[in-house]
Amino acid sequence: MRLILRWLTDPSISDRLLRDEDEDVVDIVHKHWVVYLLPGLLVWAGIVCWAVVPLSSLDVGWLPFLGGTGLVLWGVVKALQRNIDRFVVTNQRVFRVHGLFNRKEATMPLSRILDISVDKPLHGRILDFGHFTFESAAQAQGLRDIRYVARPDERNLTIQRVVTRAGLRGRSPHAPGKG
């Protein structure tokens, strides 16, 4: 049981690191808590349906029971899908692991990141989340949009800091004014 629970909740980030290349995790980004509101409402609606079962006649009592079970299962699956979705920043690349049953991974080396756009809608500014859009030199890329990132300004600075430390952006040591 513990193995199944871990399989459903842990995308095993450490297994995806290039340890031979000294790759280290800088930040693991989980989805903002706001993504759990809809799954929570689905589970709550399912529980309300279950509460109706004792009040129903025997002929149709199965209907709210099945409806409630379906809503609870749907809400749990949606919550697990959001929980397994991780965006990881390492000292060499950024990657995203997602997918509850079919696990998917998209990777972009730091050297390919040309631009990062951060979109913070009004409710995102209030609740402190935003959406990242990565631009790279590639025509089609597997890692483009990362939605519902908690503390987006802090995460953006972290990525910019890692890119600069890797010597991919920022002031060159031979730039004018560097003695």
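Before naming any helix, I note the rule: helices (H or I, at least four residues) and strands (E, at least two) are DSSP runs, numbered from the N terminus. With that in hand, I place isoleucine 47 in helix α2.

Ground rules next. I'm working with a predicted model, where local features need pLDDT of at least 70, side-chain atom pairs count only at pLDDT 80 or more, and totals for chains, interfaces and linings use all residues. Residues are numbered from 1 along each chain as its sequence is written, and side-chain values use heavy atoms, with hydrogens and water left out.

**Entry: salt bridges**

I searched the whole structure and got nine salt bridges. To count, a side-chain nitrogen of Lys or Arg has to be within 4 Å of a carboxyl oxygen of Asp or Glu.

I looked up glutamate 105 and found a salt bridge to arginine 16, with the closest N and O atoms 2.8 Å apart. Glutamate 105 sits in strand β4 (residues 104–109) and arginine 16 in the loop between α1 and β1, so this pair ties together parts 89 residues apart in sequence.

Then I checked glutamate 23, whose side chain meets that of arginine 93 in a salt bridge (2.6 Å, N to O). Here glutamate 23 is in the loop between α1 and β1 and arginine 93 in strand β3 (residues 93–98), so the two link parts 70 residues apart in sequence.

Which of these are buried? I use under 20% relative accessible area for buried, over 50% for exposed, and partly exposed in between (1.4 Å probe, protein chains only). Glutamate 23 is buried at 1%, and arginine 93 counts as buried at 10%. Glutamate 105, at 39%, is partly exposed.

One more pair: glutamate 154 bridges to arginine 151, closest N and O atoms 3.1 Å apart. Glutamate 154 is partly exposed at 42%, and so is arginine 151 at 35%.

**Entry: surface patches**

For patches I take residues with over 30% relative accessible area and no salt bridge, joining like charges within 9 Å and nonpolar side chains (Val, Leu, Ile, Met, Phe, Trp, Tyr) within 5 Å. Areas come from the Shrake-Rupley method with a 1.4 Å probe, and for residues only the protein chains shown count as cover.

I found a nonpolar surface patch made of Ile47, Trp50, Val60, Trp62, Leu63, Phe65 and Leu66, with about 710 Å² of accessible area together. The elements giving two or more residues to this patch are α2 and α3 (62–84). α3 gives the most, with four residues. Isoleucine 47 counts as partly exposed at 44%.

**Entry: histidine 32**

I found histidine 32 in the loop between β1 and α2 (37–52). What does histidine 32 touch, not counting residues up to four places away in sequence? With contact meaning heavy atoms within 4.5 Å, I list Leu127, Asp128, Phe129, Tyr148 and Ala150. Histidine 32 counts as buried, at 5%. Histidine 32 and arginine 151 are 119 residues apart in sequence, yet 8.5 Å apart in space, C-alpha to C-alpha.

**Entry: positive phi**

Arginine 151 came up again: phi is near 50°, a positive value in a residue other than glycine. I place arginine 151 in the loop between β7 (145–150) and α5 (152–165). Serine 12, also not a glycine, has a positive phi of about 45°. Serine 12 lies in the loop between α1 and β1.
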